[in-house]
Amino acid sequence: MVSEKADLKKGKKMDVVAPSTYSTRYFGEDVPKYVMSEEGMPAKAAYQLIHDELNLDGNPSLNLASFNTTWMEPEARQLIMENLNKNFIDHDEYPQSAEIEKRVVNMLARLFNAPEAKSFVGANTVGSSEAIMLGLLAHKWTWKNRQKSRGRPTNKPNIVMGGDVHTVWDKFARYFDVEPRIIPLKPGKYTIDVKDVEKLIDENTICVGAIFGTTFTGGIDPIEKINNLLVKVKKKKGWDIPIHVDGASGAFILPFTNPKMKWDFRLPHVKSINASGHKFGLTYPGCGWVVFRDTKDMPDDIVFKVNYLGGEMPTFTLNFSRGSAMLIAQYYNLLRLGKKGYRRIIKTIMGNAQYLARKLSACGRFNMVSSAEYIPVITVQMKKGAKFSVFDISAKLRERGWIVPAYTLPPNAESVAILRIVVKENFSRDMVELFYNDLMNACKALDKQKPMKAPVTKKGKKKDNIC
Ligand SMILES: *Cc1c(COP(=O)(O)O)cnc(C)c1O
């Protein structure tokens, strides 16, 4: 038996004369996966092994499932690389990163039409999920303080929202012990009605959630109507219930496509808005925003005051250490593009999405559930009597590299199965055409596919179809 030591020595010798990285021993042996090995390996070998393994991931450019940005300019990438080694939370060590957060919060508050103030409050987060948690926590605290000051109970907070919310809303309710009052969906109705909201609110409602661009169909909740209801309720019953708008996708779209539509701080009960910088803020994953209407809407109890910066920028986050690269990349986009640049890009995205929606509608195979009316999301359902399902199409498209999810809708619309396509900046008209042709070919192939039958033996007995 060769000793381990001798083996290692032999291996090392071999590596010295290896003509290429691939002929070093790391490529002829198992790679440590679940147990850390004693010895490491050369940087080139480790890089190549991991690089090659990740080729099995999907191609982000063909990923029509994700809302997340998959392309940024080289200059943005350069800034990201330059700032990868900065911990955002160290405000005194990296005061300019903190200053940039403040600038972006101010830009967004104004983009969302907040009443003019000296300094707006909000925070950069990992994504909309953290931003939503922070917004809702603030409202829970405000509600608690109000109840306390009136000598009312503070043990039964509830939150009113639709079944169209993203999972993070349910997470918030469970993690922070707030009763979720969920308005169910039903086939044909994928957002909420103001009447449903009216039935569910009471003095213990910390907040009403309204979605601007739902994850499921891209639909929108009637925010202005909910606001008007809450104005009335406040007058009549004294319950001052805020709205948190989940603008994960919509908040970076509506200001550029439909500036007249009131969904934001122009409505007095909208007290906080979240936006995903990494969705249509056009920044790579790891960037979200929560913005408050007013300093009053962010209770002091949950605010971490950065007084060594002059006390102007209160911040609060759920986690501590985090990179500042994506925050900087977001600022790059805002500087580089300006409103005109965003308008132009969003217009192109919406144009391509609506073009694809028209083609899908015209091809006659689908019922359109949504056609990129507000955000560039298209969802389709199979027509009645179709021989295959949206799940079959999703699987078939994967053969060409396209990632298009198929799923069923939340309660009580579980019987509806849809295929969803999210159009992003790098999905050009040319790509739309390529995708559409592949989709039609996938359907044709599925038309021809006969259900598999087990081969029959001479005696007429079925043989196991094992290969
Ligand atoms: C994506 C999304 C979220 C979650 O946001 P992240 O930025 O991924 O954390 C929440 N709500 C809606 C409507 C979304 O589309």
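**Exercise 1.** Determine how the axes of helix 3 and helix 10 cross in this predicted model.

*Solution.* Helices are DSSP runs of H or I with at least four residues, numbered from the N terminus. Axes are lines fitted to C-alpha atoms over the stretch in contact, and angles run from 0 to 180 degrees between N-to-C directions. The axes of helix 3 (residues 74-82) and helix 10 come within 8 Å and cross at roughly 150°. Helix 3 is therefore roughly antiparallel to helix 10 (angles over 145 degrees). The contact (heavy atoms within 4.5 Å) involves E75, A76, L79 and I80 of helix 3 with A325, M326, I328, A329 and Y332 of helix 10.

Residues are numbered from 1 along each chain as its sequence is written. Local features need pLDDT of at least 70, side-chain atom pairs count only at pLDDT 80 or more, totals for chains, interfaces and linings use all residues, and side-chain values use heavy atoms, without hydrogens and water.

**Exercise 2.** Describe the packing of helix 4 on helix 10.

*Solution.* Helix 4 (residues 95-111) packs against helix 10 (residues 325-362) at about 45°, with axes 10 Å apart. Helix 4 contributes S97, I100, E101, R103, V104, M107 and L111 to the contact, and helix 10 contributes L327, I328, Q330, Y331, L334 and K339.

Terms used. Helix = DSSP H or I, 4+ residues; strand = E, 2+ residues; numbered from the N terminus. Parallel < 35°, antiparallel > 145°, perpendicular 65-115°, else oblique.
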